[in-house]
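Me: I'm new to this and would like to walk through a structure with you. Could we take it one question at a time?

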Amino acid sequence: MEFSSSSTPLFLLLSVLPLLYFLYLRHDPKKQPRAHGLKSYPVVGTLPHFTKNKDRFLEFTAEIMKRSPTHTMSFKALGLTGGVITANPANVEYTLKTNFGNYPKGELAVSMLEDFLGHGIFNSDGEQWLWQRKAASYEFNKRSLRNFVVDTVRSEDVQSMLERFAFDNICRLVFDEDPACLAEDSVASPHIAEFMRACNDAQNAILARFNSPIKSLWRVKRLFNIEPERRLREALATIHGYTDRIIRERRERGEDGLACGDDFLSRFAAGDRHSDESLHDVITNLVLAGRETTASALTWFFWLVSGRPDVEGKILREIRAVRRGSSSNGVTSGAAFSLHELRDMHYLHAAITESMRLYPPVSLDTYVCKKEDFLPDGTFVGKGWQVTYCAYAMARVEDIWGADCEEFRPERWLDEAGVFRPESSFKYPVFHGGPRMCLGKEIAYIQMKSIVSCVFERFTLRYTGGEGHPGLITSLALRMEGGLPMQVLLTNRGQAVSC
Ligand code: HEM
């Protein structure tokens, strides 16, 4: 293209605009990125610190959040998307609720997850999200669902066991099939084990997309079928084949075949005429939501409690008291606890809540700013910047939780009468907050309390991983590096017998 003399001033103006914008940003003090103790380099800003600490990102973020006066930092390197990380409850409330419309998941994240999750509830914004939220809220709030959750809970590396257990459990809840991943390999049917493996592979490959510093590189890898996109393609074919089979078999059962039970698939299908594609999205989104989160929460819970015999003792006493109450009503010991009994376990509820405070399954959660904005603490957020709240760091901030914030203390959740006392979801955003708050929170507590009470009634768990703090792995949910090695002892009237 040639420029005529009359278009030259326009061309010059267009060329200098980005420079003017950059200079304006640099010189407007209110819009300056706030690094809080991190050395900021010309052009690349604080990026080198993030690169250096990429393998200990949570710990690194927590350190900065603690020393920042408003528990928030922001960064911007030339040519890269800007970002804000916050551990400030007022900022969390503002982005998740007050100015919710300005902080969607954003096109970038949606495009990275699209081939796995379609446009399901997790991976959509605006109207597309809203109708799914309404439909799902209605189903999640039914009492019959809570009872179904209790019925589906039954009673080495305990992390892997919990993950397989959570996978079996969420599959029963979503489409009423037990993949038996917890059973020996020979028992589990091969195509079902394949489904779980495919879900793992898909998650790992998608995580690689998010973690790549070059955000569109995955598109090139997908085009040329290069790892990990090649493995993702295979995994997606397995996942689609599996969900297609479930939906086809249900449809073949005739008119009411899809809507024949208490599971989620039936409930959604009963409500309206859904395409196979949207039912597929229901399955993948809910399996993803429920599989790793509860397993992660329980892994850290069992690890924390194994080092605190006082807490274990209190949990056990509460479980036994509840059991005694029911046996006087003719309920035999060893049976799964009912919803009502689980609700009476306030100390256990507090201990699980406290453990998730310190080790939140979703430790970081990111949204994108649509229109430039200022957070309540004055932090500037540019258009398109990512805003991340770090629940892991929030637990370690004294201003929020007091001087004993790093201590595992279930009592902080109980009132004088020993009754559980909830906190604001913006101070404790473990289940998110505002309009997109987790829909499975109650289900998750029922599952976790059910599992812990069944396990503790029969077994004592001893951590055999040695001294020191286990490493943190930020996968989709927070995992424990190297798994959770435990010696499982059969408890017999207070005496532990190895089994
Ligand atoms: C300890 C267990 C759990 C934790 C800590 C947890 C946490 C969260 C968090 C942080 C979000 C927001 C994620 C985002 O920004 O996209 C979320 C969303 C969601 N969770 Fe959970 N979750 C748990 C268990 C479950 C279970 C068992 C289910 C379903 C059976 C579930 C269903 C959902 C759904 C459907 C959403 C999306 C809500 C929306 O976008 O409107 N969650 N959860």
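Predicted model: local features only at pLDDT ≥ 70, side-chain atom pairs only at ≥ 80, totals over all residues.

Me: Okay, which residue just after α8 takes a positive phi?

Reply: Helix α8 covers residues 158–175. Just past its end there's a residue with a phi of about 55°, and that residue is D176.

Me: How far apart are the end C-alpha atoms of α8?

Reply: Let's work out what to expect. The helix has 18 residues, and at 1.5 Å a residue they should span 26 Å. The model agrees with that, because the end C-alpha atoms are 25 Å apart.

Me: And how many of the residues of α8 are buried?

Reply: A residue counts as buried if 20 or more other C-beta atoms lie within 10 Å of its own. Helix α8 is largely enclosed by the rest of the structure, since the number of its 18 residues that are buried is 16.

Me: Is H71 buried or exposed?

Reply: H71 sits in the loop between α3 and β1, and its phi is near 60°, a positive value in a residue other than glycine. It has 24 C-beta neighbours inside 10 Å, so H71 counts as buried.

Me: Which peptide bond is cis?

Reply: Look in the loop between α10 and α11, where P228 lies. Omega is near 0° for the bond from E227 to P228.

Me: How are α13 and α16 oriented to each other?

Reply: Their axes come within 9 Å and cross at roughly 105°. That makes α13, relative to α16, roughly perpendicular.

Me: Which residues of α16 does α13 meet?

Reply: By class, this contact has eight nonpolar, one polar and no charged residues. From α13 come A297, W300, F301, L304 and V305, and in α16 they meet A351, I352, S355 and M356.

Me: Last one: which element gives the most to the shell around the ligand?

Reply: There are 23 residues around the ligand, and A289, G290, T293, C438 and G440 come nearest. The elements giving two or more residues are α6, α13 and α19. With six residues, the top contributor is α13.

Notes:
Residues numbered from 1 in each chain as written. Axes fitted to C-alpha atoms, helices over the stretch in contact; angles between N-to-C directions. Helix = DSSP H or I, 4+ residues; strand = E, 2+ residues; numbered from the N terminus. Parallel < 35°, antiparallel > 145°, perpendicular 65-115°, else oblique. Contact = placed C-beta atoms within 7 Å. Nonpolar A, V, L, I, M, F, W, Y, C, P; charged D, E, K, R; others polar. Near = placed C-beta within 6 Å. Expected span 1.5 Å × (residues − 1). Buried ≥ 20, exposed ≤ 12 C-beta atoms within 10 Å, placed from the backbone.
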